[in-house]
Each structure stands twice: as structure tokens, then as C-alpha cells.
Amino acid sequence: MQGYCGAPFESLSIGIDGATFLCSCEGWMTKSAGNILDYKSFKEFYSSPTVLEIQQTILDKTYSYCNLNSCGFNGNESSRPEPVNSPDKIFLTYDRSCQLQCPSCRDELINTVTSKAYQVNKHVEKLLYDVDKDICVNVTGSGDPFASKLFRDLIYKWSENPLSSYVKLELQTNGLMLQKCWPNINPSIVDIIRISFDAATKETYSKTRFPGNFDTLLENVSYIADQRKKYNFTLMADFVIQTDNYLEMADYIKICTDFGFDQIDFTVIQPWAMSQKVFKEKAVWQSDHIDYKKFISSLKSIDYNNYGLGWLVDGY
């Protein structure tokens with residue numbers, strides 16, 4: 001491993017009951033950095049022994065608490081990270097409420113929120129009030145920011161009374177409620193809108209984004225693409241690669257390009273809401289999968305390095 005991953009110095013995920021992880025995805029870390037409720041400031045948090053221990057595994061390049069087979073880090077980042085007093089980006093994932101039941105994320109519909117989540121939410125707001133540098137807050141990779149009443153109310157609240165000029169939002173959503181909710185959002189606090197697709201056709205979308213409607217998705221995407229022209233936020237698209245959709249990667253890229261997306265991202269499915277047997281069936285990116293050669297062929301039909309997927313081909 002030649003370089004350093006900057007995530008444990010830049011990114012902070014705050015998950016269920018306040019558990020923290022020094023990464024953009026808590027599933028890519030095997031050790032929690034502690035509970036955010038135990039700290040009165042980000043400076044105090046980043047001075048804790050556990051945080052420093054995890055960061056040290058990056059500096060000594062052992063990556064002891066990282067799941068490198070999932071995140072795709074290839075070791076090309078070369079600059080040595082410096083100590084920090086606060087993150088550059090925070091991922092709020094302490095409410096999993098969503099109107100969809102995507103197999104890549106869950107095996108049931110979830111639309112409940114705990115009292116602990118509201119406690120964490122209130123505490124995070126207090127911490128953000130005191131920041132003195134630009135911070136992007138992602139809401140949310142754990143569900144949908146608009147299907148979640150907790151997160152939806154938070155976004156509306158910040159729209160009426162922005163926390164500070166330093167705090168901007170990244171709205172990570174399935175996109176199905178964008179047109180309905182956008183009129184209640186202050187565009188000046190939105191830096192990024194990230195929409196999950198996982199398909200390029202109705203048939204596949206009905207499997208990967210159950211029980212979503214593909215036509216509704218495209219209608220909302222068209223609407224928010226027009227809003228982007230007015231307010232100049234960054235528009236991104238997500239696609240979780242799995243057996244059901246890998247043949248549609250090229251078509252997905254075309255759809256996103258036609259809508260004018262600024263960035264198109266791919267990740268691979270993980271065993272977060274399924275048995276190992278089902279995961280092995282869906283993990284077409286693994287070399288022992290029956291359709292692995294077809295997957296590699298499909299991958300080579302797109303500019304895979306441009307989408308950060310070179311690590312899937314390197315060992316082929």
C-alpha cells in the first residue's frame with residue numbers, strides 16, 4: 001500500500017444510537033470510534049484515544065480496522081494526513097426510515113424512529129453550531145431524507161434557519177419525493193443532491209428499488225435537473241452493482257449523462273441485509289460468481305477507471 005486514505009481524517013459517520021465511524025460508510029470500518037453523545041465538541045472527539053488509534057492505522061498503513069475489499073481504496077492517495085479538530089464531511093445515518101425495500105439495504109420496510117435518534121439529532125445540531133470551517137452534512141445513506149420524518153423536519157428547519165454559513169447539505173435520496181419536498185428547501189444550503197438509481201429499466205428497477213416506480217423516478221430526476229440549472233448545486237447519481245443490474249451499467253451512464261449529472265458513481269453490493277447464500281448469488285463482482293466473466297466483459301464496455309472501478313478488473 002503506497003498511499004494513505006484520508007477518510008478517517010475527513011469523514012465522520014454518525015449512526016444508530018450515536019455510534020461513530022471514521023469513514024463515509026460505517027460498513028467499511030470494523031471498529032467504532034465511540035459514541036458522539038459522549039463528546040461536547042468535535043475537537044474533544046478527535047482528541048480521543050480511540051480516534052487517534054484508528055487514525056494511526058492509516059499512518060502506519062496497516063489499515064487494521066478497514067474493509068479494503070469493500071471500499072475500493074487502491075492506495076493511490078499519497079499525501080500523509082494531518083491531525084484534525086473536526087471533519088470535512090459528516091454522514092447522518094441514525095434513522096433508517098425509507099419508503100423502499102431495496103435488497104442491497106434491507107429485507108423489510110422501515111418507517112420507525114427511536115427516541116434515541118432524536119437525542120442524537122439534537123446533539124449533532126449543537127456540535128454543528130460551533131464549527132468554524134466548511135462542513136458538508138450528508139443526509140442520508142441509511143434510508144431516505146424525505147421519507148424520514150426526523151430528517152425531513154431537520155432539513156426544513158435548517159432551510160428556515162440555517163445553522164451557519166459553514167454548513168451545507170448533501171441530500172442522498174432515492175429521488176421519489178424530490179419534486180414534492182423541494183419547494184420547502186432553501187437551495188442556498190444545498191451543495192449536492194445524490195440520487196440512487198440501481199437500474200436503467202422499469203423491470204430491473206422493480207427488483208432493485210422495490211416497490212418504487214421508475215417513471216416517478218425519471219419525472220423527479222427531470223424536475224431536479226431543471227432546478228440544478230437555476231441553483232447550481234452538484235448533481236450525482238449512485239448505482240449499486242449486483243446480479244440483477246450489472247448488464248445495465250452502460251445504459252445507466254447514458255441516462256445520467258442525458259440528464260446532465262455532474263458525477264456518476266458505482267459501488268458493489270454488500271451483505272448488509274441478506275444471508276451469505278443470497279449475497280453470493282448477488283455479488284456478481286466476486287471472481288467465483290457464475291456470471292463473473294460476463295460482468296468483467298460488461299465492465300470493460302464502459303470507462304471503468306473513470307468510475308473508480310479499476311480495482312475490480314486489476315486481478316482479472
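This is a predicted model: local features need pLDDT of at least 70, side-chain atom pairs count only at pLDDT 80 or more; totals for chains, interfaces and linings use all residues.
Residues are numbered from 1 along each chain as its sequence is written, and side-chain values use heavy atoms, with hydrogens and water left out. Local features need pLDDT of at least 70, side-chain atom pairs count only at pLDDT 80 or more, and totals for chains, interfaces and linings use all residues.

Start with helix H9, residues 214–231. Helices here are DSSP runs of H or I with at least four residues, strands are runs of E with at least two, and both are numbered from the N terminus. At 1.5 Å a residue, counting one less than the number of residues, the 18 residues of H9 should span 26 Å; the end C-alpha atoms are 25 Å apart, which agrees. Just after H9, Asn-232 takes a positive phi of about 60°.

Helix H10 covers residues 249–259. Its buried residues (under 20% relative accessible area, with a 1.4 Å probe and protein chains only) are Met-249, Tyr-252, Ile-253, Ile-255 and Cys-256. Seen down the axis of H10, they fall within an arc of 160°, taken from the directions from the axis to the C-beta atoms, so they line one face of the helix. An α-helix has 3.6 residues a turn, so residues three or four places apart point the same way. On the other side of H10, Lys-254 and Asp-258 are exposed, that is, over 50%.

The whole structure has zero disulfides, a disulfide being a pair of cysteine sulfur atoms within 2.5 Å. For Cys-5, the nearest cysteine sulfur is that of Cys-66, 6.4 Å away. Cys-5 is buried, with a relative accessible area of 15%.

Methods. Contact means heavy atoms within 4.5 Å.
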